Amino acid sequence: AGSVWFGSNGCTPTCLEQGTGDDDLQYGSLNEGNNDNEPIHASRTPAKLQMVGDDSTLRPFGKAFYLGMAQGYHCLSLTSIVLFTICNRVFQVVFHLMPLLGAIQFGAVLLYTDNPLKDLWRNSVFGSVDGYQYAQGFNVDQFLWFERDFDNDGHNHSFGQVYFAVFACFLVTHFLRVILWLIIELSAKWMYMGRRQPGRYNYDKSSYAQRWELYQLTAKIRKFSRLNLLQFIMGTPYMNWYFRMNGGNIGKDCCLYPAGADPFMPEPDLVTLGDRTVVDCASIVAHLNTRGNFELAPITVEQDCTLRTRSRIQQGVHMETGSMILEKSLAMTGEVIDERTVWQGGPATMWFRYPDADVLAYQPPTTTGLFGREKRNTKSSIEVHKGSMEDGVTIFTYSSNPVS
């Protein structure tokens, strides 16, 4: 009794945690009804079931937050958390409004400017007002294709001029927003979190969980409406650079989250990705919160590994070279994914093993084309041959046959 079961392995349920045994439970007898023809029901009531809560039922968060038993740091009160959340939210709303409002204002400066700025503008073009006086054949009061109205003499601009003036300014203000977003988020990461280290960080004994919550609230600056600024760099080298700036050890030629992710890697400084690793819409989570016990453990993914859509690896997982986890599969805590193997299921188990590393880098054969140049035969086929059994796993071999 009291055991925890999850998923299946070969149609057999998988037990994650053993129960306490039937000795701790006492069951009532079957109620056969009464004279009032009440329905028959079975009563199975644990003898040691705790019906009234006390301090012993509190998790580490409850001890720190409700009882004030945090050790070595000050646990923020509910009022402080609410105030921080409101201020943070207001700042983020203003932050994402400023590019558009700023573009409108700067666009007005381009088209309509007060007379005192005339000399400043001409100085920026020719170096002096006298230089403007001797300029011939050049209208210094024009910026790009906009006729600037310094004196507010009632010059009317067309809709196209106004639109493109505001649009040009928005490109500049949006670029500034992206730069400021990176500065704010990266600064918050290193200010609140620093470089994460493996270990246990319970809420009542470490400030890690509280600092993480503050960082997560600040990191929401990357979101506006239903969009996320990280969505614009998914699958690009800029995504690799972003996680490196967050402390991640990312190898060369990696492709991270080309189809998005929810969430993106929350602890990149505990993750090592080898060269040419591909992470689709997968989860790489280096923390585990079990009954209030919060633990961090590093995750290592060697070179040429692949995590397919909706797959997930937990803390302490080690994927060896050339391994792959298929869609909707879960690699449990501390699992070692053998090299050149494919795993599938929840929890994931080995499906098959590649015979050698050459299969991972397979290229179709080449033939001689026009002018003696080699061209790749894209019509070649691969035959799969079922081989011997090794540790209960089928070994497959491959052979290529060009199609004429």
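In the predicted model, helix H2 (residues 78–111) packs against helix H6 at an angle of about 25°, with the two axes 9 Å apart. Because angles under 35 degrees count as roughly parallel, H2 and H6 are classed as roughly parallel to each other. Their crossing is right-handed. On the H2 side, the contact is formed by Phe84, Thr85, Asn88 and Gln92, which meet Leu214, Leu217 and Thr218 of H6. By class, the residues of this contact comprise three nonpolar and four polar, with no charged residue.

Helix H6 (residues 208–219) also packs against helix H5 (residues 159–193), here at an angle of about 175° and with an axis separation of 9 Å. Since angles over 145 degrees count as roughly antiparallel, H5 and H6 are assigned a roughly antiparallel arrangement. The H5 residues involved are Ile184, Glu185, Ala188, Lys189, Tyr192 and Met193; their partners in H6 are Tyr208, Arg211, Trp212, Leu214, Tyr215, Thr218 and Ala219. The contact of H5 with H6 contains nine nonpolar residues, one polar residue and three charged residues. Leu214 and Thr218 of H6 are listed in the contact with H2 and also in that with H5.

Within helix H5 lies threonine 173. This threonine has a relative accessible area of 8% and is therefore buried, the cut-off being under 20%. Leaving aside residues up to four places away in sequence, threonine 173 touches Pro99, Gly102, Ala103 and Phe106.

Backbone geometry was examined next. Most residues other than glycine have a negative phi, and most peptide bonds are trans. Tyrosine 257 has a positive phi, near 55°, and is located in the loop between strand S9 (255–256) and strand S10 (271–273). With a relative accessible area of 0%, tyrosine 257 is buried. Lysine 328, likewise not a glycine, has a positive phi of about 55°. Its position is in the loop that links strand S19 (324–325) and strand S20 (330–331). The relative accessibility of lysine 328 is 68%, so this residue counts as exposed, for which the cut-off is over 50%. Tyrosine 257 is thus buried, whereas lysine 328 is exposed.

A cis peptide bond, with omega about 0°, connects glycine 346 to proline 347. Proline 347 belongs to the loop between strand S22 (341–344) and strand S23 (349–353).

Technical notes: Residues numbered from 1 in each chain as written. Predicted model: local features only at pLDDT ≥ 70, side-chain atom pairs only at ≥ 80, totals over all residues. Heavy atoms only, no water. Axes fitted to C-alpha atoms, helices over the stretch in contact; angles between N-to-C directions. Helix = DSSP H or I, 4+ residues; strand = E, 2+ residues; numbered from the N terminus. Parallel < 35°, antiparallel > 145°, perpendicular 65-115°, else oblique. Contact = heavy atoms within 4.5 Å. Nonpolar A, V, L, I, M, F, W, Y, C, P; charged D, E, K, R; others polar. Buried < 20%, exposed > 50% of the residue type's maximum accessible area, 1.4 Å probe, protein only. Left-handed = near helix turned anticlockwise from the far one by under 90°.
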